[in-house]
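Try each task yourself before you read the solution.

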Amino acid sequence: MDGLYALKPWYTQRLRIFLQRAEIQGTSPDFFTAVGIFGAAAAAVSIAAGWWPLAVLWLGVRLAGANLDGAVARARKVCRPWGFALNEIGDRASDLLMFAGLAVWAASQGGPGMNWLSWPVIWVLAAALAATLPTFASLAAAGAGATRRNGGPFGKTERCLAAIVAAAAPAAIPVVGAVIVVGSMITAALRLAAAHRELTTAAT
């Protein structure tokens, strides 16, 4: 179950002009990692202000940067272990920025001032914590020698979509938070189960 991750090849094709220019100009893949983080930061500001249409644009930039860094590295044949580390750090930083913006938006829903102890904020924090589980599962499995899995059913793209829904409909923040928590736990479990099967088969 790859979820919206299955659309990655299609999205990469839409970004092909940037990939081709990066090949010609010798652009570093790290540049696109930085672009992704910048897009996430701009999206966080937009979400915090409730400007969800603008957040859609910036999260598109975030996903484009996350997509292109690996694609450029492969196209230019400059893949390296440190690039993998930077990519992972960029993705995690982008997630944290997005959830930080959503937490500010949630805290502002109770009237004047910031209510940081409200249930919407608590749900956002729970969602931010749960969202780390799929990545931890994938990296732990990769460390044991299994394939690094990125699919769904609730991965990076689904989290971005959920943040947009929460920004557009703040009353739904607790529901969106619960969906992220449950979806992330299921995704982590499925990735671990797939890694277990792979490692068990390799050991026999």
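This is a predicted model: local features need pLDDT of at least 70, side-chain atom pairs count only at pLDDT 80 or more; totals for chains, interfaces and linings use all residues.

Residues are numbered from 1 along each chain as its sequence is written, and side-chain values use heavy atoms, with hydrogens and water left out.

**Exercise 1.** Find where E88 sits and work out which side chains it meets in salt bridges.

*Solution.* 
Step 1: Look in helix 5, residues 81–107, and you'll find E88 there. (Helices are DSSP runs of H or I, at least four residues, and strands are runs of E, at least two, numbered from the N terminus.)

Step 2: Check the surroundings. E88 counts as buried because its relative accessibility is 8%, and buried means under 20% relative accessible area, with exposed over 50% and partly exposed in between (1.4 Å probe, protein chains only).

Step 3: Look for partners. Side chains of opposite charge can pair when their charged atoms come close. A salt bridge needs a side-chain nitrogen of Lys or Arg within 4 Å of a carboxyl oxygen of Asp or Glu. E88 and R92 meet that way at 3.1 Å, N to O; both lie in helix 5, four residues apart, about one turn of the helix.

Step 4: E88 also has a salt bridge with R148, at 2.7 Å from N to O. This pair links distant parts of the chain, since R148 is in the loop between helix 7 (133–143) and helix 8, 60 residues apart from E88.

**Exercise 2.** Work out what R159 pairs with and what that pairing ties together.

*Solution.* 
Step 1: Go to helix 8, residues 156–168, to find R159. R159 has a relative accessible area of 3%, so it is buried.

Step 2: List its contacts (heavy atoms within 4.5 Å). Setting aside neighbours within four places in sequence, R159 touches R92, D95, M98, F99, A131 and F154.

Step 3: Pick out the salt bridge: R159 and D95 meet at 2.8 Å, N to O. Because R159 lies in helix 8 and D95 in helix 5, the pair ties together parts that are 64 residues apart in sequence. D95 is buried, and so is R159.

**Exercise 3.** Which residues are linked with D95 in a network of salt bridges, and how many salt bridges are found in the whole structure?

*Solution.* 
Step 1: Follow the network, and it links R62, D95 and R159.

Step 2: Search the whole structure, and the count comes to seven salt bridges.
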